[in-house]
4 protein chains.
Amino acid sequence: MGQYRISSTQLAARAAYLLRGNDLGTMTSAAPRLYPHMWSWDAAFVTVGLAPLSIERAVIEMDTLLSAQWSNGMIPHIVFANGRDGYFPGPAWWRAGELAAAAPSSPATSGITQPPVHAIAVQRILEHSRHRSRAVRQLAEEFLDRRWNDLMQWHRWLATARDPRGRGRITLYHGWESGMDNSPRWDSAYANIVVGDSLPSYQREDLEHIGDPTMRPSTAEYDRYLWLVEQMKSVGYDDQKLSEVMDFAIEDVFVSAIFAMACDVLAYIGEDYAKPLSDIRDLRAWAHRFRTGVVASCRGPSGIARDFDVRADRWIETETIAMFAPLLCGGLPRDRERALLRLFDGPRFCGHPDLRYAVPPSTSPVSADFRPREYWRGPVWPVMTWLFSWAFGRRGWPERSKRLREEGLRQAEEGSFAEYYEPFTGEPLGSMQQSWTAAAVLDWLD
Amino acid sequence: MGQYRISSTQLAARAAYLLRGNDLGTMTSAAPRLYPHMWSWDAAFVTVGLAPLSIERAVIEMDTLLSAQWSNGMIPHIVFANGRDGYFPGPAWWRAGELAAAAPSSPATSGITQPPVHAIAVQRILEHSRHRSRAVRQLAEEFLDRRWNDLMQWHRWLATARDPRGRGRITLYHGWESGMDNSPRWDSAYANIVVGDSLPSYQREDLEHIGDPTMRPSTAEYDRYLWLVEQMKSVGYDDQKLSEVMDFAIEDVFVSAIFAMACDVLAYIGEDYAKPLSDIRDLRAWAHRFRTGVVASCRGPSGIARDFDVRADRWIETETIAMFAPLLCGGLPRDRERALLRLFDGPRFCGHPDLRYAVPPSTSPVSADFRPREYWRGPVWPVMTWLFSWAFGRRGWPERSKRLREEGLRQAEEGSFAEYYEPFTGEPLGSMQQSWTAAAVLDWLD
Amino acid sequence: MGQYRISSTQLAARAAYLLRGNDLGTMTSAAPRLYPHMWSWDAAFVTVGLAPLSIERAVIEMDTLLSAQWSNGMIPHIVFANGRDGYFPGPAWWRAGELAAAAPSSPATSGITQPPVHAIAVQRILEHSRHRSRAVRQLAEEFLDRRWNDLMQWHRWLATARDPRGRGRITLYHGWESGMDNSPRWDSAYANIVVGDSLPSYQREDLEHIGDPTMRPSTAEYDRYLWLVEQMKSVGYDDQKLSEVMDFAIEDVFVSAIFAMACDVLAYIGEDYAKPLSDIRDLRAWAHRFRTGVVASCRGPSGIARDFDVRADRWIETETIAMFAPLLCGGLPRDRERALLRLFDGPRFCGHPDLRYAVPPSTSPVSADFRPREYWRGPVWPVMTWLFSWAFGRRGWPERSKRLREEGLRQAEEGSFAEYYEPFTGEPLGSMQQSWTAAAVLDWLD
Amino acid sequence: MGQYRISSTQLAARAAYLLRGNDLGTMTSAAPRLYPHMWSWDAAFVTVGLAPLSIERAVIEMDTLLSAQWSNGMIPHIVFANGRDGYFPGPAWWRAGELAAAAPSSPATSGITQPPVHAIAVQRILEHSRHRSRAVRQLAEEFLDRRWNDLMQWHRWLATARDPRGRGRITLYHGWESGMDNSPRWDSAYANIVVGDSLPSYQREDLEHIGDPTMRPSTAEYDRYLWLVEQMKSVGYDDQKLSEVMDFAIEDVFVSAIFAMACDVLAYIGEDYAKPLSDIRDLRAWAHRFRTGVVASCRGPSGIARDFDVRADRWIETETIAMFAPLLCGGLPRDRERALLRLFDGPRFCGHPDLRYAVPPSTSPVSADFRPREYWRGPVWPVMTWLFSWAFGRRGWPERSKRLREEGLRQAEEGSFAEYYEPFTGEPLGSMQQSWTAAAVLDWLD
């Protein structure tokens, strides 16, 4: 007998209901009953979903995040709402406020960063405000005025502290900074890390909400994650010293493409709202440099993007969603871009014949690294589908954007708004009622 | 230039966002920043809106309300969440727990009741659960099993304690019990009430959230409202004694029609879920008695329903939405029903040429009592539009139901989900972000 | 990979495109490239679909049909557009104009009738016209004025000539008159018919458009179909004589229920548009008589409706969609109606666990007569789903109406707008691009 | 009382119903009851609307048009379906088959051309076919294979015969070739044309379907239109000679921008479907040349595009929708493009405070040339709104594209699918039930 089918209005209503349910007042938790902490790129994606519902609330989300920005410009990857421990690794592990000169004394934050998708959130706020009352438009513009310098400082920090060699690629000192914690992209780099004896003992907490531990990183992996933090702490999270001491140093092509795109978005906003010409020039220059850096990483006629392992001094070759970085920011010659699009559409990714929905899995199903239920080693992440669909719209590919949107919405009709999904069966995995999944749906259905 | 137009998905999303935003955990406040208290018929309408979003949460709303039911069966019109004062008249004024034998010691409640629309809420829970997983269906059925006797007791109390003369009409001892606090229907009865010297001094709070006091009852009116409570307190809210001592005693034809309809709905549910036959027989008998009572109140060829003032021993003639009571419960001969429908559609109500939307105003625009901005003296109440649209669907009038729904949605696109609206201009009035207005929209857009 | 999913707007667009594509100017062919003839109940259902698109065109469809009405009141089951042969049995076989005193000389028609669903079409025209310009409303009202007497005469003929014994059930003299040509309901009656030697030889044409002949009636069946026509011709299609000579004479409970419902609909319209009171009284009386006749046919606690074989003088027991006749017209006591609804929802019909969509198959899948691909012996007919969903709305069951609509639309998304569907697989069967299937979709999506 | 509001499904249904109603079998008439002739760019836009309804039918539309292509590559602006006269100027006036060596002997055609939007239609056919069955995809691909050379020849003719000086701008020899017959853009050029004595007398027919002649060109204008045709006939429509003898020779910047865009679209298709590399190179080169030619025409910091009058040897300065040509094809430096977008959004065009909908009028309301009801001198043309919304999507401006779509749909809800609209009142003007207006709506609602 017929499967119950959810209507678009009901899907939108449930997504909004979820997002408000995860609302903690000035921040939105990633999922229900999770620790009341804010993740940097979660906050940006959540803001994208809040914008059609309430410009006021969307502005608050970004304000909360930016209030925790470090004085060097870094937006930390976690803002701890209330300083208390409980989440691991929490403030007591990071000790950022204590050890890092640039960290704010309050709120407590982690000591690393995450992908710079925040300009997108700002763009969505401003765009939605255009259709609202004068008062709401003014509120959005005041937000932009208030935060413009913070956003510039954030981008400037990425363009300088995180590209010390000026290669047009963002260097990460921890896999977590990529947002794709256990992606196969980092396997070789992590394999070379020797955990020091001085790593304190610890108790993981990420497994408690997940029934199946094979969907999460292993203990050996986790030790290395924490060891890297120890290294950071040993130099007081100093930008200059990190580039020297960290065992993990990788130029992340996906983050770099996001950054190039975000610089363009911010420059566009700056032009629209009459921000200083020097800022806009800087943003355009960074966009150009990082677009060039992304393209320089690409291999072969199909323009596959690669990360670069600074420590091992070699390119990293894996078949993951990051291969498609240049599709986000552009810059590839036409023929190579077309080839890369064919790869995206083809049987190694969205066109794999066994996929339930034609959306990009985090790792290619034909890769030896592929694990269909393990976090970033295979599952489909709706927020990534959204990112590509949004970026394709900006690239001038409305049909591609629409197709990803339609497939993403078909997947969402399952109803649990999961963090990620098994690509073949469509089974929801990870946290349910995930804020950014709901946010993606709300933007799509707007 | 073009007015911004909200899509159906966005309207649904905002309604859901609002409803979750007013969620206090186990109850939903009527509007943001209002006191955390629960009103009886608000709770039922809110449940109608929650059902498509979360059966679990909808069940909690009704459980919270029913947990405050009096031992005589009455569902009190206010459940005070935490016993604290602040709202006026609050627990300290009512002193129900202290004075009334039937009142629960906790939570604190008021000492009067409100219209019995709760069976509708139960029906919506069960209906939506049919399309969900087995676990959700079971949760809904367990709710029904758990609360069936409470619902029966509630209806039995209405059919006995509130119809002491067995006329098939519910007697109210306070205008507030009608839910239509300052309707012209009560003017003559209130005019006959002499406020005793013993009325304690008090401080109103209903004016604080409303800029324009002319939209709310006057002080003289308010004195009488409170005096009636004093009378109730003087007899310990005893059902028997109330019928003797109260200066205000009116057989409310609208509440009676709602009750007849609710008995039918509950009987239908009882049949579907195999509840005791004796209960179903009682419900059908009550439905019949009150339908007959409503019809008996009707005057003239167009079947206009009237309230009866027990103290003055005469019918009350006003042109308000309550005239249409028999359209809710049925029972009029065909020709009179058709005439009443024509009145509903015609220039005295929905068809008045100056109305912005073709929905019924609380008082006829051609009545001398009409005030376009004063609460129940003229404004359009979306929750009433919903009630008629829902009832018309059950009466076998799908086109009429659809038309009210469409007009109600057009009105809602204004975006503030107001408590009530000016009928000619569409200006939102009263509280904004009203829970039951959002609930109506969610049911319509499901 | 993901199945392509059609949006509501695209589904509506394709249905409208189809309907206009089958438009022959003043009539709509049942499906593309079929003979340009009009079937009586097809025309009515098509009008339901035309009404939201063009009141003007909808009126023309009904005018074309009614222009072929016989002088005794009968609406013939086929109007031959241009008198030419080609379709079999065509005008040359029927010879109605020549043999029947009541038949018009032009256009050529068949000599039998079909179910009286036309009042529904008239209701849809009037209802839609209410939302249109004054000119369009006037056009619809002029149509009603022009055709009221024809409609009355049509109903009067059914109530008299076709209920000669006054039992409140319509007698059919040919299975084709039921619209359900090869339903198991007629098997026993046809089995008793002995084809006379005088049956001329003939050439079928119904098999040409259908690849699989097992989906259509057999030759032996077809001989009997034609023999009955010979019997009719032998008495000049005279109403009185038919009741005496015809070997096939069955009181069809489904047609009777449709008639009762149609009388109510027409009476309601008559009241709204101030038609003669005597007409309305007649309609109400017929509605009452036929509702009573339907209920009288019902067997057992679950109120299963039965046809009556006049010649064999016994009730016909088959498990087909016609069992649910009283759900259309009402009249069953509550408990039996509830039991019948449970049967409709249960595993013998819509709730059969293997059904692709929860819509009623023409014959119960658990019946020995069930054939999943044979016309009225099992397949799902979208137009029947529509009829029940529409009737349930009028019965005051909005949720049931909505559920059938949703399942019917899910089925329609397959995209071929087939005449009927295999119930388990959803395979489209019979003619594709069927007008009345598109009409049902258009009414649902309005 | 409330204005009736049309739903998206009903709007889509009516648009599809209209398009099929205007279907003449192998061509779609521009509006009901117009002559059965095909206009070149109408056919392309109609194909855009047919593609979501029926790939098969969309292909037929383009095939019909391309079957009338001249041997030199020109797609004529009218294909006369049956050679018969009636429309003026018809085949007997043009005498193309007789006088032009390149014209086909059948069907009869006019002797001029229209804007090259056909690659868009081809793209829509291919895009929609991707979501359909294998058979439909194959049909679309076979169409492309069959017509690729014709499309190449069409573009090659434009790039050579119509850019004799290699300036990257298409030269028109008649205002009708622009599709914007009476635009103020042509006023100065027409003013210089002296109608010769040899102009035969004639009878206009364009006024018959339009009640108000002020919405159409004047007689003096019309004389010049026809005189230009006489000039063409005098040289047998020879491409080379036209460039020498024609009194009217203008480099049309809007057509040039469309051509640059169409070359890009066709190149993209060629790459996708493995067409000859030499063709793709040619297309890219033409796109580049014409984009450069458009940009070269632009004046001032806001990049306003201008037409060039070859005979008068000067730029034409008018404030019409053609000013925004570079927004279609790109190529302007960023700052000038931003300025041009501000002009598009601002009070001289879409942001004019009195506009009913925020869509571009054909001529600026602040221009002295503006006439709100005169064809291309002011009214809003939905098909132009569609063209910009489509082009903005390709330019990577999804929000702008969405806004135009939403405003265009709001305008369409009026329901008459008019050819053009009064910009301030929204009054529908010109033909009603216009095919390309319906096509725009269908693409938007897909």
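Reader: Are Lys233(C) and Glu230(C) both buried or both exposed?

Author: Both Lys233(C) and Glu230(C) are buried. Please keep in mind that this is a predicted model. The two side chains form a salt bridge, and their closest N and O atoms are 2.9 Å apart. Lys233(C) and Glu230(C) sit 3 residues apart in helix α9 of chain C, so about one helical turn separates them. An α-helix has 3.6 residues a turn, so residues three or four places apart point the same way.

Phi of Tyr237(C) is near 55°, a positive value in a residue other than glycine. Most residues other than glycine have a negative phi, and most peptide bonds are trans. With a relative accessibility of 3%, Tyr237(C) counts as buried. Ala274(C) also has a positive phi, of about 55°, although it is not a glycine. This residue is found in the loop between α11 and α12 (277-296) of chain C. Ala274(C) counts as exposed, because its relative accessibility is 67%.

Helix α11 (residues 253-272) of chain C holds Ala260(C). Ala260(C) has 0% relative accessibility and therefore counts as buried. Leaving aside residues up to four places away in sequence, Ala260(C) touches Ala287(C), Phe290(C), Arg291(C) and Cys329(C).

The peptide bond from Ser106(C) to Pro107(C) is cis, with omega near 0°, and Pro107(C) lies in the loop between α5 (96-99) and β3 (108-109) of chain C. In chain D, the peptide bond from Phe88(D) to Pro89(D) is cis, with omega near -5°. Pro89(D) lies in the loop between β2 (78-80) and α4 (91-94) of that chain.

A search of the whole structure finds 144 salt bridges over all chains. One of them joins the side chains of Asp264(B) and Arg291(B), at 2.1 Å from N to O. This pair links distant parts of the chain: Asp264(B) is in helix α11 (residues 253-272) and Arg291(B) in helix α12 (residues 277-296) of chain B, 27 residues apart. Asp264(B) is buried, because its relative accessible area is 13%.

Chain D has a pair of its own: Asp252(D) forms a salt bridge with Arg185(D), and the closest N and O atoms are 2.7 Å apart. Here too the pair links distant parts of the chain, with Asp252(D) in strand β5 (residues 250-252) and Arg185(D) in the loop between β4 (170-172) and α8 (187-191) of chain D, 67 residues apart. Both Asp252(D) and Arg185(D) are buried. There is also a network of salt bridges that links Asp264(A), Glu271(A), Asp272(A), Arg284(A), Arg291(A) and Arg338(D).

Glu422(D) makes an interesting contrast. This residue is buried yet has no salt bridge, and the nearest side chain of opposite charge, Arg373(D), is 5.4 Å away. Glu422(D) lies in the loop between β8 (420-421) and β9 (428-429) of chain D. A polar atom of its side chain lies 2.8 Å from the backbone nitrogen of Phe424(D). Not counting residues up to four places away in sequence, Glu422(D) touches Pro372(D), Arg373(D), Glu427(D) and Leu429(D).

Finally, let us turn to helices and chain contacts. In chain C, 11 of the 11 residues of helix α17 (residues 435-445) are buried, so the helix is largely enclosed by the rest of the structure. Among these buried residues are Trp436(C), Val441(C) and Trp444(C). The buried residues of α17(C) pack against α1 (8-21), α2 (40-50), α6 (118-129), α15 (382-394) and α16 (398-412) of chain C, together with α1 (8-21) of chain D.

Between chain A and chain B, the contact takes 23 residues from each chain. The two chains bury about 2,000 Å² between them, 60% of it on carbon and sulfur atoms. Across this interface the rule finds 0 salt bridges, while 8 residue pairs are in polar contact. On the side of chain A that touches chain B, α1 (8-21) and α17 (435-445) each supply at least two residues, and α1(A) gives the most, with 11 residues.

Notes:
Residues numbered from 1 in each chain as written. Chains lettered and ligands numbered in written order. Predicted model: local features only at pLDDT ≥ 70, side-chain atom pairs only at ≥ 80, totals over all residues. Heavy atoms only, no water. Contact = heavy atoms within 4.5 Å. Buried area = accessible area lost by both parts, 1.4 Å probe. Salt bridge = Lys/Arg side-chain N within 4 Å of Asp/Glu carboxyl O. Polar contact = N/O pair within 3.5 Å; in protein donor to acceptor, adjacent residues only side chain to side chain. Helix = DSSP H or I, 4+ residues; strand = E, 2+ residues; numbered from the N terminus. Buried < 20%, exposed > 50% of the residue type's maximum accessible area, 1.4 Å probe, protein only. Lys, Arg positive; Asp, Glu negative; His and termini not counted.
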